[in-house]
Amino acid sequence: MQHLDWPFFEPRHGKLVAALDQWAAGRTAHAHGADVDATCRDLVRALGEGGWLQHAVAGRAYGGSSDTIDTRTVCLIRETLAYHDGLADFAFAMQGLGSGAISLFGTTEQRARYLQRVAAGQAIAAFALSEPEAGSDVAAMACAARPDGSGYLLNGTKTWISNGGIADFYVVFVRTGEAPGARGITAFVVDADTPGLEVAERIDVIAPHPLARLRFHDCRVPAAQRLGEPGQGFKVAMATLDVFRTSVAAAALGFARRAFDEAIGRATSRRMFGQTLADFQLTQSKLAEMATGIDAAALLTYRAAWMRDGGARITKEAAMAKMTATETAQRVIDAAVQMFGGQGVVSGETVERLYREIRALRIYEGATEVQQLIIARELLRSAGAA
C-alpha cells in the first residue's frame, strides 16, 4: 500500500495496516456459509479478540485505543478489511457506526455499559435512522416517542437497519416534537430485548448481510437511555455520520484495489490471439484509467480523514470522498468483471462478489445524489460568505 507514504499518515498507521493485513489474510474468507448471521457474530468476536474494534470506539476508559476516534485509522482498517472480505469490513464498520453516538454523546454510565462490550466484540451495535418514507430526508421521520412517567414510549417503524436481528442494542432516532422537522428528533439507546421492540422483517440483499425492518409498539425506554438533549437527535445523527462517512469511501477503495489486483492478474495471464490480454492497448488504457481513478479517490478520502483528525469541519470533503470513491470503485470493478469475461459473472468468483458488494455503498450513508447536493450547498454557502 504505497499510499501509506503520503504525508497524511504517521508511522503508526503503516504498522497497523501491516499487522491487520496479516491478520485478515489468515482469518477471513470470501466464501461464507449460508448462515450470514452466525458469520457476522463470529467476525465481531474475532475482531474484538484481535484488538481491532478498540479503534471503533472512543475513550481509553471504555476499551478504546484513544480518547477520540482516529478517522485515518478507521479508514485504513476498513480499506484493508474490505480488500480481504466485505463482510469483515461490514462487521467492523457497524460496530463503529452503531456505537458512535454513544462515543460522542453518551453519559459516563452509557459509555461504560456499552462501549467496553463493543470494543471487546461481546455486544453487537446497530444504528436505526432510516424509515420507509425517511431515508435521505431525515426530517420526514415518523417514528415517534412520547413522554410517559420516567421514560418514553416509542412507536413506529425503522427499516434498512444493518445488524437488524442480531444486534444487542440499537441507537434509535425518533420524533419527540420539540420543534418542526429535523429539530424535533431525539436519540435513544434501545436494548434488543426491550418489550415492544420486534424484528418485523428480515431483508435479503444482493450482497448478504444482516438487514431488517424494526417495529416499535409502546416500547418503553427509560429517560436514562436518551442520548444527548431532547430535540438534538439530528445533531447526534449527523455528527456520528460525519465520523464514519469518510470510512465508506475507504471501504470502496478496498474493494477497488482488490478488483484492480484481480484485473492485473487476469490481464497478464490470460492468453488470446497469440498474446496476453495485457498486450492489447485497449486493456492498457483501461488499467491506466482504473489506477488513476483509485489514486484520485484515495487522495480525496485521506485528505478528508486527515482534516477531520486535525479538528476541521469536513462536510464537503467527506461528501466528495464518499461520492468519488464509491462511483470510482463501481467503474473499476465493472471493468475487472469485463476483463474476466464469462468467468467474471460466475457466482463465487472474486470479481463477481465485489460487483455485488460495491453497489450498496453508492446508496447507504447518503446516496451519491445526496452527496452532490451537500457539496453544492457547501460551495454556495462559502461563496455567500465570501
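**Close-up views of aromatic and helix contacts**

**View 1. The aromatic cluster of W6, F8, F9, Y302 and W306.** W6, F8, F9, Y302 and W306 together make up one aromatic cluster in this predicted model. Across the whole structure, a search finds 8 aromatic pairs. One of the pairs joins F8 and F9, whose ring centres lie 6.4 Å apart. The planes of these two rings stand at 85°, an angle over 60 degrees, so the pair of F8 and F9 is edge-to-face.

**View 2. Burial of F8 and F9.** The relative accessible area of F8 is 14%, which is under 20%, so F8 is buried. F9 has a relative accessibility of 11% and therefore also counts as buried. Both residues belong to the aromatic cluster that includes W6, Y302 and W306.

**View 3. The contact of helices α6 and α8.** Two packed helices are described by the angle between their axes and the distance between the axes. Helix α6 spans residues 233-269 and helix α8 spans residues 315-340. Their axes come within 8 Å and cross at roughly 20°. Because this angle is under 35 degrees, α6 is roughly parallel to α8. The crossing of α6 and α8 is left-handed. Of the residues in the contact of α6 with α8, 17 are nonpolar, 3 are polar and 5 are charged.

**View 4. The charged end of R258 over the ring of Y83.** R258 places its charged end over the ring of Y83. The distance from this charged end to the centre of the Y83 ring is 5.2 Å.

Key: Residues numbered from 1 in each chain as written. Predicted model: local features only at pLDDT ≥ 70, side-chain atom pairs only at ≥ 80, totals over all residues. Heavy atoms only, no water. Axes fitted to C-alpha atoms, helices over the stretch in contact; angles between N-to-C directions. Helix = DSSP H or I, 4+ residues; strand = E, 2+ residues; numbered from the N terminus. Parallel < 35°, antiparallel > 145°, perpendicular 65-115°, else oblique. Left-handed = near helix turned anticlockwise from the far one by under 90°. Nonpolar A, V, L, I, M, F, W, Y, C, P; charged D, E, K, R; others polar. Phe/Tyr/Trp six-rings, centres within 6.5 Å; stacked < 30°, edge-to-face > 60°. Buried < 20%, exposed > 50% of the residue type's maximum accessible area, 1.4 Å probe, protein only. Lys NZ or Arg CZ within 6 Å of the ring centre and 35° of its normal.
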